[in-house]
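Hello,

Here is the structure I promised to pass on. Please open it alongside this email, and then read my notes below.

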Amino acid sequence: MKRFLIIFFTINSFLTTYSQSPIDFSIFTDGQSDTAILSTTDMLNKLNWQAIKKYCTGENGHNAYEYKGKDSLLMKYRYVEQGGESSFEIVSYKDMIMEYYSDAGTSGRLSSTSFFGKNVWLMYVSEIMPSLSEEFKLASSEPNTILKAYYKLLGVNTRDEYGFICEYSAAGRATDRRMAVITLLKQHRIDLIKKLTEFSNLQTKLYAVDALIYNDYLAKQKIQQLEKNLKDKQKQLDRLQKKHADKTRITGINAQIKATSDSITYFNSDLLSDTEWEAINNLRDSNLTVKTCGNSGSYKIYGTPISELLSEKAMADIPKRYEGLKRLGYFW
């Protein structure tokens, strides 16, 4: 009875103190090292998670959820205030925090915070993909965004499907692997994308191929603009030399011409080689079937011949589809 009264008054005290906001968001901090291993139990105790769950009835505008990830290896702890004014989510792997984010809301004193545990993520990847060959592993020195996107593209914690916009609920959205390859494109990790054209998973391989086709398209656009600029600069230099202009102006134009030429060389290295185009064409002619998803009103996986997805018309449409995603904000 005495123990029950202690628990009752502890919870009652907590609910009274935090009647407006049950979360002490100062517990979340951006200052943690990404190689640190944080205890999930310690974090939940600091937050007083059990009391938060009792407080969050939904009817009072506060909700708390505790559930397993889709692969059953992860536990997620989520709190959200009605209207999304404030929230947090903790993702735990074997009682170690893999990542968290928190937002105290516009009225809070603290800004949004986040944490990604690089070492915990790599332990999780090892369990998900125990047979991954060394050639497809990344060094732990890679930036967090690259590590996360790269392994998601390989299939860690993502659906095995290929598509651009797929219908998951009321509205379509880009697939997780699509968002992962966009991250690699934004960071210009073409080296990693090219590596994945040799990966065994056909869906992953196709994401890599279409990203390279889009990157090739962007490089050609850049080169075209730079070559026009180079011609203009060369004409300007010829005029200056004919007029015997001062050396300072001529030196300046020469420096601009060199910088433009260097940029052309840089973007030329992004163009797909004849050998790489041949590999893409061989993949198209392989008679394989890809698991695709669409946005035709309901979520469904379709078997689609790769010859259709890499037909001449389909490849010509790839840049348009990426530009469509850009307009939707997926490249922010």
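Predicted model: local features only at pLDDT ≥ 70, side-chain atom pairs only at ≥ 80, totals over all residues.

Five strands form an open sheet in the order E1-E2-E3-E4-E5, and their pairing is antiparallel. Strand E1 (62-68) and strand E5 (113-116) are the edge strands, each pairing on one side only. From one strand to the next, the twist averages 10°. As background, strands of a sheet pair through backbone hydrogen bonds, either parallel or antiparallel.

Look at E4 next. Strand E4 covers residues 96-103. Six of its eight residues are buried, so the strand is mostly covered by the cut-off of under 20% relative accessible area. E3 and E4 run antiparallel and are joined by seven bridges. Ser 92 stands opposite Ile 97 in E4. The hairpin of E3 and E4 has two residues between the strands, and Lys 94 there takes a positive phi near 50°. E4 also pairs with E5, in the antiparallel sense, over four bridges. Here Glu 99 stands opposite Phe 116 in E5.

Helix H2 (residues 40-47) lies across strand E2 (74-81), strand E3 (87-93) and E4. H2 runs at about 155° to E3.

How many residues of H5 are buried? Eight of its eleven are, so helix H5 (residues 144-154) is mostly covered, with buried again meaning under 20% relative accessible area. The buried residues are Ile 146, Leu 147, Ala 149, Tyr 150, Tyr 151, Lys 152, Leu 153 and Leu 154. Which helices do they pack against? The partners are helix H4 (118-128), helix H6 (176-186), helix H7 (190-195) and helix H8 (202-242). Gly 155 follows H5, and its phi is positive, near 125°.

Ser 200 and Leu 154 are 46 residues apart in sequence, yet 9.4 Å apart in space, C-alpha to C-alpha. Ser 200 sits in the loop between H7 and H8. Is Ser 200 buried or exposed? Its relative accessibility is 67%, so Ser 200 counts as exposed. Leu 154, by contrast, is among the buried residues of H5.

**Where H8 meets H10**

Two packed helices are described by the angle between their axes and the distance between the axes. The axes of H8 and helix H10 (residues 274-284) come within 12 Å. They cross at roughly 135°. The two helices are therefore oblique to each other. The crossing of H8 and H10 is left-handed.

Which residues meet there? From H8 come Leu 202, Lys 205, Val 209, Ile 213 and Asp 216. From H10 come Trp 277, Ile 280 and Leu 283. By class, this contact of H8 with H10 has six nonpolar, no polar and two charged residues.

**The whole protein**

Now step back. The secondary structure comes to twelve helices and nine strands. The protein has 332 residues, and buried residues make up 42% of them. Take the contacts with a separation of 6 or more: residues 24 or more positions apart account for 57% of these.

Then go to H5 and the helices around it, H4, H6, H7 and H8. Finish at the left-handed crossing of H8 and H10.

Best wishes

Notes:
Residues numbered from 1 in each chain as written. Heavy atoms only, no water. Pairing = 2+ DSSP bridges. Axes fitted to C-alpha atoms, helices over the stretch in contact; angles between N-to-C directions. Contact = heavy atoms within 4.5 Å. Buried < 20%, exposed > 50% of the residue type's maximum accessible area, 1.4 Å probe, protein only. Parallel < 35°, antiparallel > 145°, perpendicular 65-115°, else oblique. Left-handed = near helix turned anticlockwise from the far one by under 90°. Nonpolar A, V, L, I, M, F, W, Y, C, P; charged D, E, K, R; others polar.
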